[in-house]
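Here are some notes to read beside the model. Take the points in order and find each residue as it comes up.

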Amino acid sequence: MYVMTLHRSSIGKKIIMAVTGLIWVGFVLLHMYGNLKVFLGPEYFNAYAEGLRTLGAPIFGHTHLLYVARLVLTVALVLHVWSAYSLTQQAHHARPSNYIVRQKVQANRASLSMRWGGVVILIFLIYHLMHLTWGLPVAPGVFVQADAYHNLVNGFHFIPATILYLLGVIALSFHLYHGVFSAFQTLGLNNQNTETSIKGAALALSLVISIGFAVVPLSVVAGIVR
Ligand code: HEM
């Protein structure tokens, strides 16, 4: 299939969704690993946050590579949401209008939870960026640009924010489990022999990511990270 016409067909949209989703899986894994540095203390964590800004130096200038990564992630997210929306619209139009009994087969339920889960993740992500990256007044406390550690610790003393983070992480974990499996299927990497191992890998990945993320706010609330 010609790459420039991918966006026109449903299989093309599914491929776009799979590839952009996998780009985010890569980012989310690195981000989760990076967050665990909070257990090593403020100096270490803040040095890591600054390291993200000086990534690629001295070849790249301050924050240049970071902006490239941000651009790739933004484009991937927009394409992911667009293809999901477009495939949903297509499915609605294809559905016969004289449906009397709406039989919700398993595949339907899964795609419904993917859509709503995706919406929860998107709301979480917008709040998260306002909260810990842009420092907008969406939680009490003072945001200090160069002190990611204290912004994080102060942030999770605000319990509504902690609850939203945990909801976001739970939604992400379900979304990843189904999404990673679907992506492998779309990309033709799945067959009868590999199905069980791909499902196992998707489950392991979603568990590692949810536990790895959730342990940070929970440790702040428990007073282990302060
Ligand atoms: C408990 C969970 C999480 C914690 C504690 C956390 C923590 C942080 C912190 C401290 C920053 C700011 C880093 C800095 O300014 O140097 C950040 C940025 C960011 N986080 Fe998270 N995060 C969490 C979950 C997530 C999840 C699940 C996603 C994606 C679905 C995500 C996506 C992002 C993005 C896109 C940025 C902006 C990166 C940039 O452009 O500099 N985060 N996060």
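1. Start with threonine 63. Its relative accessible area is 18%. Buried means under 20%, so threonine 63 counts as buried. This residue sits in the loop between α2 and α3. Keep in mind throughout that the model is predicted.

2. Now look at the backbone of threonine 63. Its phi is positive, about 65 degrees, although the residue is not a glycine. Most residues other than glycine have a negative phi. Please check this spot in the viewer.

3. The loop between α2 and α3 also holds proline 58. A cis peptide bond joins alanine 57 to proline 58, with omega at about 5 degrees. Most peptide bonds are trans.

4. Step back to the whole chain. How many helices and how many strands does the protein chain have? There are seven helices and zero strands. Read from the N terminus, the order of elements is α-α-α-α-α-α-α. Along the principal axes, the C-alpha atoms fill a box of roughly 60 × 45 × 35 Å. The protein chain has 226 residues, and 32% of them count as buried.

5. Take α1 next. Does its length agree or disagree with the rule of 1.5 Å a residue? The helix has 26 residues, so it should span 38 Å. Its end C-alpha atoms are 37 Å apart, and this agrees.

6. Which residues of α1 are buried? Among them are Gly12, Lys13, Ile16, Thr20, Trp24, Val28, Met32 and Asn35. An α-helix has 3.6 residues a turn, so residues three or four places apart point the same way. Trace the buried residues along the helix with that rule in mind.

7. On to the ligand. It is surrounded by 20 residues. The closest are His31, Asn35, Arg53, Arg70 and His128. By type, the shell divides into 14 nonpolar residues, four polar ones and two charged ones.

8. Which helices supply the shell around the ligand? At least two residues come from each of α1 (10–35), α2 (42–53), α4 (106–133), α6 (159–186) and α7 (195–221). The most comes from α4, which gives six residues.

9. Now the iron atom of the ligand. Its protein donors are His31 and His128, each through NE2. They lie 1.9 to 2.0 Å from the iron atom. This pair links distant parts of the chain. Histidine 31 is in helix α1 and histidine 128 is in helix α4, 97 residues apart.

10. What is the geometry of the iron site? It is octahedral, with six donor atoms and angles of 86 to 180 degrees among them. For comparison, the ideal angles for six octahedral donors are 90 or 180 degrees.

11. Are the two histidines buried or exposed? Histidine 31 has 23% relative accessibility, so it counts as partly exposed. Histidine 128 is at 13%, so it counts as buried.

12. Polar atoms of the ligand deserve a look too. A nitrogen atom of the ligand is 2.8 Å from an N or O atom in the side chain of histidine 31. For histidine 128, a polar side-chain atom lies 2.7 Å from a ligand nitrogen. Arginine 53 has a side-chain N or O atom 3.0 Å from an oxygen atom of the ligand.

13. Asparagine 46 is in helix α2. At 17% relative accessibility, asparagine 46 counts as buried. A polar atom of its side chain lies 2.9 Å from the backbone nitrogen of tyrosine 149.

14. Finish with some residues of α6 and α7. Valine 220 lies in α7 and is buried, at 2% relative accessibility. Glycine 168 lies in α6 and is also buried, at 2%. Valine 220 and glycine 168 are 52 residues apart in sequence, and their C-alpha atoms are 17 Å apart. Glycine 168 and valine 180 are 12 residues apart in sequence, and again 17 Å apart, C-alpha to C-alpha.

15. At 45% relative accessibility, leucine 207 counts as partly exposed.

Technical notes. Residues are numbered from 1 along each chain as its sequence is written. This is a predicted model: local features need pLDDT of at least 70, side-chain atom pairs count only at pLDDT 80 or more; totals for chains, interfaces and linings use all residues. Side-chain values use heavy atoms; hydrogens and water are left out. A residue is near a molecule or strand if one of its heavy atoms lies within 4 Å of it. A polar contact is a pair of N or O atoms within 3.5 Å; within protein, one must be able to donate a hydrogen and the other to accept it, and residues adjacent in sequence count only if both atoms are side-chain atoms. Helices (H or I, at least four residues) and strands (E, at least two) are DSSP runs, numbered from the N terminus. Ala, Val, Leu, Ile, Met, Phe, Trp, Tyr, Cys and Pro count as nonpolar, Asp, Glu, Lys and Arg as charged, and the others, Gly among them, as polar. The expected span of a helix is 1.5 Å times one less than its number of residues. Buried means under 20% relative accessible area, exposed over 50%, partly exposed in between (1.4 Å probe, protein chains only). Donors are N, O and S atoms within 2.8 Å of the metal (3.2 Å for Na, K and Ca); water is not among the atoms, so sites may look incomplete. Four donors count as tetrahedral if all angles lie between 85 and 135 degrees; four count as square planar and six as octahedral if opposite donors are over 155 degrees apart and all others between 65 and 115; anything else is irregular.
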